[in-house]
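Dear colleague,

Please find below the structure that I am handing over to you. My notes on it follow directly after.

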Amino acid sequence: MLTGVLYALLAGLMWGLIFVGPLIVPDYPAAMQSTGRYLALGLIALPLSWLGRQRLRQLCREDWFTALKLSTVGNLIYYVCLASAIQRTGAPISTMIIGTLPVVIPVFANLLYSKRDGKLPWHRLAPALVIIALGLVMVNTAELRTGQLDFSWWRYISGISLAFISVACWAWYALRNARWLRENPDKNPLMWATAQGLAILPFSLLGYLAVCLWMSHTESNFALPFGPRPEVFLTLMLAIALFCSWLGALCWNIASQRLPTVIVGPLIVFETLAGLAYTFMLRHSWPPLLTLLGIVCLVIGVVMAVLTKPQKNTLAEVVVAADK
């Protein structure tokens, strides 16, 4: 249990870096950042796959298809939406919306895996959801008061919507990935993280080329293929790919293999707290009081959700589920 929590903490510290990436290169489109990040991940996975080729041979065609689905939804689509949301709303708002994942994941686990893991009592989970919603309102209000955003209602609402799409993508990824790891305890988490990087490599390459082709027609002044600041962009993509995509996924895979989904899900709060800390460090400022209160509400809501123990199914419910 302790080791699993520590690995989840390491994953959160790594993943928190993704919230500052779009702020470092705001002039780069989100699609270019996302495809560039996972193209770098695929290139990093190539030598690792050669070293672990014996373990990768243990994967069947269905396993590779699962790795591709997980990488596409939980990595590529997730990061396109998240980077776009950060550029539209600012990092703290998007980070707080992603911060609902510690409750969203147990809720979906409750809906999908309740027959196996037991049910979370909804009447005890509802107060946690209300407190988290209050925290989101506080952070949104604080960010709008700062006047740092080039505000427009369309840009703001679209950013919020994209952030919630990111939540849906990653919630599905976390549940499906944890299910595969628990169903395959003999498979190495390092190998599975490498397999996901390999699976997304050809698609991220095609995606990056498509983005470059599209930008050559729509933004002729944009320097291609690596933009106006190639050194910064390439270094950032490699760093995020190594620390967030590969090492973060490795730590999360180990945590997912050692902890039940209903416990490991809320631990993604470490990512939210790290992302907020990195964002305000980049701003060289402390969060305003209203933002701090919102963060406190988030933490309280998550703790309440974690302390909500699942109710085990009765024998009759287990028999009915088995009959179905």
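E183 and R179 lie four residues apart in helix α9 (residues 153–183), so about one helical turn separates them. Helices here are DSSP runs of H or I with at least four residues, and strands are runs of E with at least two, both numbered from the N terminus. An α-helix has 3.6 residues a turn, so residues three or four places apart point the same way. The side chains of E183 and R179 form a salt bridge, with N and O 3.2 Å apart; the term requires a side-chain nitrogen of Lys or Arg within 4 Å of a carboxyl oxygen of Asp or Glu. E183 is partly exposed at a relative accessible area of 48%, and R179 is likewise partly exposed at 33%. In these notes, buried means under 20% relative accessible area, exposed over 50%, and partly exposed in between, with a 1.4 Å probe and protein chains only.

Please note that this is a predicted model, in which local features need pLDDT of at least 70, side-chain atom pairs count only at pLDDT 80 or more, and totals for chains, interfaces and linings use all residues. Residues are numbered from 1 along each chain as its sequence is written, and side-chain values use heavy atoms, leaving out hydrogens and water.

The count of salt bridges comes to three. Another of them joins D27 to R229, whose closest N and O atoms are 3.3 Å apart. This pair links distant parts of the chain, 202 residues apart: D27 belongs to the loop between α2 (21–24) and α3 (30–51), and R229 to the loop between α10 (189–218) and α11 (230–258). D27 is partly exposed, at 38%, as is R229, at 30%.

A salt bridge also connects D186 with K187, again with 3.3 Å between the closest N and O atoms. Here D186 is exposed, at 57% relative accessibility, whereas K187 is buried, at 11%.

Which residues of α6 are buried? They are A91, P92, I93, S94, T95, M96, I97 and I98. With eight of its eight residues buried, helix α6 (residues 91–98) is largely enclosed by the rest of the structure.

Finally, I turn to the surface. L2, L6, L9, L10 and L13 form a nonpolar patch with about 430 Å² of accessible area together. Within this group, L6 is located in helix α1 (residues 2–15) and is partly exposed, at 44% relative accessibility. Patches are made of residues with over 30% relative accessible area and no salt bridge, like charges being joined within 9 Å and nonpolar side chains (Val, Leu, Ile, Met, Phe, Trp, Tyr) within 5 Å. Accessible areas come from the Shrake-Rupley method with a 1.4 Å probe, and for residues only the protein chains shown count as cover.

Yours sincerely
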